[in-house]
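This report describes a predicted model.

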Amino acid sequence: VTAEKGGYEHFMLKEIHEQPKAYRDTMRGRINAEGNKVILPELNITEEQIKNIRNIQVVACGTAYNAGVVGRTMIESLVRIPVENDIASEYRYRSPIVTPETLVIVVSQSGETADTLAALREAQANGAHVLAITNVVGSSIAREANDVLVTLAGPEIAVASTKAYTSQLVAFGLFALYLAEVRGTQTEAQVAKILAAMQALPEQVEEILAQKEAIKGYAEQISEHKNLFFIGRGVDYAVAQEGSLKLKEISYIHSEAYAAGELKHGTLALIEEGVPVIALATQEAVLEKTVSNIKEVKARGADVLAITHQEHLTDLLRSVDQVFVIPKTLPMLTAALSVVPLQLLSYYASLALGHDVDKPRNLAKSVTVE
Ligand code: AGP
């Protein structure tokens, strides 16, 4: 059994370690030799259709939804097309505004999630072009979508999704750059810079994985708590949501993810002496604001772990209890790195509590009921 887990104790830990490979495989053959152009010959969508897109809706469930939230920031910042994120089980009942100029992107590791499949059908019935980002080539969602962008994460067995999420981020990055090329919203030099940063991600993930013992120690501390909080702004908030979902899913510890600036509108009342707060602070543009939100929780006695870049340390150090440093990347790509310590955190917390890491209670790998 450990052989199929590649020597790891659990599939989840194996899959966390497969992320550098998943990144490389998802990018392979999709970047030109000069490193300044994305090539996606598998797509049916025409340049004319791309030029006519007026809005994009990204529809998915759970972790795939969380990846879509990061995807939205990539598309909006690089292409300036308005993007909405929708939870698949909500999408079709809210009578979404879809026109032939709407591109709907459904995201699904398994390609079999019933809610996401139903959303895809709803979008097509309304005339939208549907692109699926999926990890399973022959899946129902891949077969029914108008276009498929495959993530090459390899089979994901653990119920908690890890390498599928990170590969979805890379797929969104590639697709956003492709849209930018066709619509002429980024220069070749800008595209080259982003692609170079994307190609550095696999090695940067290795650097994070080499520090997993530090996360293990922290996970053991938080496993004694009943409640904790994840906070961040922008992309950091999107990652906070994924970190919180992962922790709940396999460690059964209650947590909430909050947009850091929103705490003072209610949730701050829950912060008391000793409550762990994991603060993601990678976004330079809002760093000062995030630091002041960290001070707010600190003043109420929270025990703060910051996940940040080395260069932000001077601003942060006085207001946090512990720090986990991640390698430097472009602000729009930080999710691809900052999620890794959070995956490890939920893994080790689950382990410390003696839960079935790969098969958490009440959950299925692929949810085929609506
Ligand atoms: C993630 O850890 C979950 N197990 C779950 O949220 C999952 O991402 C969701 O059910 C969607 O699955 P899919 O990507 O296969 O559609």
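The chain as a whole contains 14 helices and ten strands. Its C-alpha atoms fill a box of roughly 55 × 45 × 40 Å when the box is taken along the principal axes. A compact globule of 370 residues would have a radius of gyration near 21 Å, and the chain has 20 Å, which agrees with that expectation.

Two packed helices are described by the angle between their axes and the distance between the axes.

| Helix pair | Angle between axes | Distance between axes |
|---|---|---|
| α2 (residues 19-27) and α8 (residues 163-183) | about 30° | 9 Å |
| α10 (residues 212-222) and α14 (residues 335-352) | about 50° | 8 Å |
| α11 (residues 235-251) and α14 | about 20° | 9 Å |

In the pair of α2 and α8, the helices pack at an angle of about 30°, and α2 is therefore roughly parallel to α8. The crossing in which α2 passes α8 is right-handed. On the side of α2 the contact is made by Gln19, Ala22, Tyr23, Thr26 and Met27, while α8 contributes Lys163, Thr166, Ser167, Val170, Ala171 and Leu174. The residues of this contact of α2 with α8 comprise six nonpolar, four polar and one charged.

Helix α14 takes part in two of the tabulated pairs, with α10 and with α11. With an angle of about 50° between them, α10 and α14 are oblique to each other, and the crossing of α10 and α14 is right-handed. From α10, the residues Lys212, Ile215, Lys216, Tyr218, Ala219, Glu220 and Ile222 meet Pro341, Leu344, Leu345, Tyr348, Ala349 and Ala352 of α14. Sorted by class, this contact of α10 with α14 holds ten nonpolar and three charged residues, with no polar residues.

The angle between α11 and α14 is about 20°, and α11 is therefore roughly parallel to α14. The crossing of α11 and α14 is right-handed. In this contact, Val235, Ala238, Val239, Glu242, Gly243, Lys246, Leu247, Ile250 and Ser251 of α11 meet Ala335, Ser338, Val339, Leu342, Gln343, Leu345, Ser346, Ala349 and Ser350 of α14. The contact of α11 with α14 has ten nonpolar, six polar and two charged residues.

Conventions:
Residues are numbered from 1 along each chain as its sequence is written. This is a predicted model: local features need pLDDT of at least 70, side-chain atom pairs count only at pLDDT 80 or more; totals for chains, interfaces and linings use all residues. Axes are lines fitted to C-alpha atoms, for helices over the stretch in contact, and angles run from 0 to 180 degrees between N-to-C directions. Helices (H or I, at least four residues) and strands (E, at least two) are DSSP runs, numbered from the N terminus. Angles under 35 degrees count as roughly parallel, over 145 as roughly antiparallel, 65 to 115 as roughly perpendicular and the rest as oblique. A crossing is left-handed if the near helix is turned anticlockwise from the far one by less than a right angle, and right-handed if clockwise. Two residues are in contact if their C-beta atoms, placed from the backbone, lie within 7 Å. Ala, Val, Leu, Ile, Met, Phe, Trp, Tyr, Cys and Pro count as nonpolar, Asp, Glu, Lys and Arg as charged, and the others, Gly among them, as polar. The radius of gyration is taken over C-alpha atoms; the globule rule is 2.2 Å times the number of residues to the power 0.38.
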